[in-house]
Amino acid sequence: MPAQPPPTGLDPAVAAQRLREEGPNELGISQRRTLRDMAWDVVREPMFLLLLGAGGIYLAMGDAQEALILLGFVVIIMAITVLQERRTDNTLSALRDLSSPRALALRGGTQVRIAGRDVVREDLLMIAEGDRIPADGTLLQAHELATNESMLTGESEPVAKQIADKVFAGTLVVSGQGLLQVSTVGRHTELGRIGQSLDTIALQASPLREEMARLTHKLVVIGLALCVLLVALFWALRGDWLQAVLAGITLAMGILPQELPVIMIVFLALAARRLAAQQVLTRRLNAIETLGQTTVLCVDKTGTLTQNRMAVAALCIAGEELDVQNLPAAADGSALPEAFHELLEYAVLASEIEPHDPMEQAFHRMAGDHLAGTEHLHPAWSLAREYELSPQLLAMSHLWRDGTSAHDTVATKGAPEAVADLCHLPDAERAAVSAQAARLADRGLRVLGVAKARHRVQDDWPGIQHDFDFEWLGLVALADPLRPEVPEAIAQCRQAGIRVVMITGDHPRTARAIAAQAGIAHDQVVTGDEMALMSPDMLTGEVRQVSVFARIKPHQKLALVEALKAQGEVVAMTGDGVNDAPALKAAHIGIAMGQRGTDVAREAAALVLLHDDFAAIVQAIRRGRQTFANLRQAMIYTLAVHVPIIGLALLPVLFGLPLVLAPLHIAFLELVIDPACSIVFEAEEGAADLMQQPPRGADEPLLSGRHILLSLVQGSVVTSIVVGLYAWLIGHTIEQGLASTVAFAVLVAANAVLILPSRSHTREGLHGLWTGLTPVGMWVLGGTLAALTLVTTVPWLAAAFKFAPLSLVQWLCATGTGLALVVVFAANQQWLLPVTRPRA
């Protein structure tokens, strides 16, 4: 019977057409809010209700024009809020799409990695341990395959799968490999019928959100108390209850902190979008706030610090070493000495037939270059049995059957000491192997031992590898160069007060050599075997001073994370395998490798590196610090600009002066505050020495007492100037409309110019106020002053605001007074938040 041709999968054009016709592989349960939902949320917000209440009072007072103008502001504020919400929702939706399971599909005979939503009917998908199956289908190939179907059945026991068995969307491959043909996608899958949703990116409870909620609650309580007090005072002193309620509404609009939670979610969502542009996917927004607190960064060596481009560097037999890095390719094997053919042959036999591991790919590449025309490659042999790598034995074996011989062939590879133990080498030979492996490892090479055995076909297969009679063949050394950007990135971490801890399964000498090249402290190396003998207290003491851990088994990563956390460290951890998931989940920030990571690791992680690049982690930490610093400055500014609004609502009542502010004026001010916070502050690049400061303390609040004091001082300066000027003008028999117009112009100009020193507390001197101001910031400042000019100089607009139009000289004097306060603001900033110098 002729051999079946290998499957090629759908033609890409057919797949694209089917995707257009049948739609994406989604469950149809959208987490996106519609524009109607967003508008309804805005309608229910206190600010909107207060504006409507003020409009109703104006109608009751017979002032329809004021009511209509307020309604116009309601529409504008609603539009801005909905657009802002839409922008955030689009960002989160894009992140959700990126974090959905990926699929390795065969399209036109080529393996392509696609998003789970792009899988279509009749696609051929290659699945392996750690993958989340994206669609229902039937198995065409299965090799020791088992899945966890607890999402569907509630049963946690793995279910063994054979050829022609069904597999289901949302289930997890816990072992083996397979090839499936998709039968149903999206809502038509078993999972779709149940109606569960897999895509979950949400802003969960976090210290920052809890702090924001506490601050908001306090301000609401204070605001409501002041509103009641103002209404009572106004009614008692002036007797007009409608005007009293209107004054209360004005104060409520000025003091209720509806911007605070909005600012926070906008900052975090936009930071996530910026990280995505740097190839770092944020699966949990809370991770962004924690990034700035990171004190220890635990990283894998392979693929994170190194390029994950394995190439065979040397072959060693009986003490003889052959450097093969510059060996010319020769299909007939003539370039590779005959004595080394068998070593390479068995390294290939001990590897997967279609390998994903970079080391095994390197063996196959070299064999293709040097053994293709020899008897040392065996495409006709069938793999009869696999003995997997285990924490107890760092070696794996393959048992092959050729169909004609009376003996099966067994090939093994693994850690040199493990393979030497399988071969039962005498002590002298074992010492020689160990010394040779150490010399190779000292050069930063990854070293594997290779051995062979024969087993009679009629005998039962042994249950463990130790029952084979192995014969030692030699050592294979592989090179995986350090990424060129790593030393500089680790130096940045060191300057930022972040300790980098390298965790690897490699030989201790290899780990030490790579750590030396990368700039990681490597005076002491702890191995997995040594860790196994330590008590939790001993391990906690060791992790304080050790930065290199070698021969670490996956389950030991969790112990390392817990030990570091016990020291009070804030831990970020990288991982890629199924066994890494507990450590990723236990770490404060789990970071999964997007290119070589399993779906399980991605789902357990808070961040996913779309390109497995260490420098991207450092950039993410910088972004986390920058976002927190910008958010803090935005909050300081927001609280500061609310202080004069409160003062202008309360003080005129207490001093018997005419009211300055009405709800319409508060609505105008809101149009200044929101863009300033969500655009100007969010876009700030941050201080130049941001990565030269120590990590933020885990208990450091967003707003300390000093920050709140700065807000109160800055706001009090504006309040005293505006109220004092207003009282002076009224006292000099200036018309109330003109006096309130001047006061409002000073207030708006002062609030606008307060943006400059509030952007960062690290800029010194007046010249530094303009440094780094983005074009968007210029537009916000310019737009604010332009809008102020219109409502205070154009007669019909001024009349709508109950203002008296200002002459050019009056406008320049009023606006100049507000702008001149920047000198006081900058001085206050330097006094209360002095510049922290970077450490030498």
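Welcome to a predicted model, in which local features need pLDDT of at least 70, side-chain atom pairs count only at pLDDT 80 or more, and totals for chains, interfaces and linings use all residues. Residues are numbered from 1 along each chain as its sequence is written, and side-chain values use heavy atoms, with hydrogens and water left out.

**The chain as a whole**

- The protein chain holds 31 helices and 22 strands; helices (H or I, at least four residues) and strands (E, at least two) are DSSP runs, numbered from the N terminus.
- Of the 840 residues in the protein chain, 54% are buried. Here buried means under 20% relative accessible area, exposed means over 50%, and partly exposed lies in between (1.4 Å probe, protein chains only).
- Taking contacts between residues at least 6 apart in sequence, 73% join residues at least 24 apart; a contact means heavy atoms within 4.5 Å.
- The protein chain has an accessible surface of about 35400 Å², and 59% of that belongs to carbon and sulfur atoms. Accessible areas come from the Shrake-Rupley method with a 1.4 Å probe, and for residues only the protein chains shown count as cover.

**The sheet of 8 strands**

- This open sheet runs in the order β8-β22-β21-β20-β9-β17-β19-β18, with mixed pairing. Two strands pair if DSSP finds at least two bridges between them.
- At its edges stand β8 (280–282) and β18 (525–527), each pairing on one side only.
- On average, neighbouring strands of this sheet are turned by 20° against each other, direction ignored. Axes are lines fitted to C-alpha atoms, for helices over the stretch in contact, and angles run from 0 to 180 degrees between N-to-C directions.
- Helix α17 (residues 508–518) packs on this sheet and touches β17, β18 and β19, its direction making about 150° with that of β19.
- Strand β17 (residues 499–503) has 4 of its 5 residues buried. β17 pairs in the parallel sense with β9 (residues 296–300) over 5 bridges, and Val299 has Met502 as its bridge partner in β17.
- β17 also runs parallel to β19 (residues 548–550), with 2 bridges between them; here the partner of Met502 is Val548.
- Elsewhere in the sheet, β20 (residues 571–575) and β21 (residues 589–593) run parallel and are joined by 4 bridges, with Ala572 partnered by Ile589 in β21.

- Within it, β14 (residues 407–414) and β15 (residues 446–456) run antiparallel, joined by 8 bridges. Gly414 has Gly449 as its bridge partner in β15.

- Because 36 of its 42 residues are buried, α23 is largely enclosed by the rest of the structure.
- α23 bends by about 25° at Leu648, and Pro652 follows within four residues. The bend is the angle between axes fitted to the seven residues ending at a residue and the seven starting there.
- Just after α23, Gly656 takes a positive phi of about 75°.
- In helix α15, the buried residues are Val433, Gln436, Ala437, Ala438, Leu440 and Ala441. Their cover includes β10 (311–317), β11, α14 (416–422), β15, β16 (471–479) and α17.

- Arg18 lies in helix α1 (residues 12–22) and is buried, with a relative accessible area of 15%. Not counting residues up to four places away in sequence, Arg18 touches Leu10, Gly23, Val120, Arg121 and Glu122.
- Val746 belongs to helix α26 (residues 736–753) and is buried, at a relative accessible area of 0%.
- The C-alpha atoms of Val746 and Leu821 are separated by 9.6 Å, although these residues are 75 residues apart along the chain.
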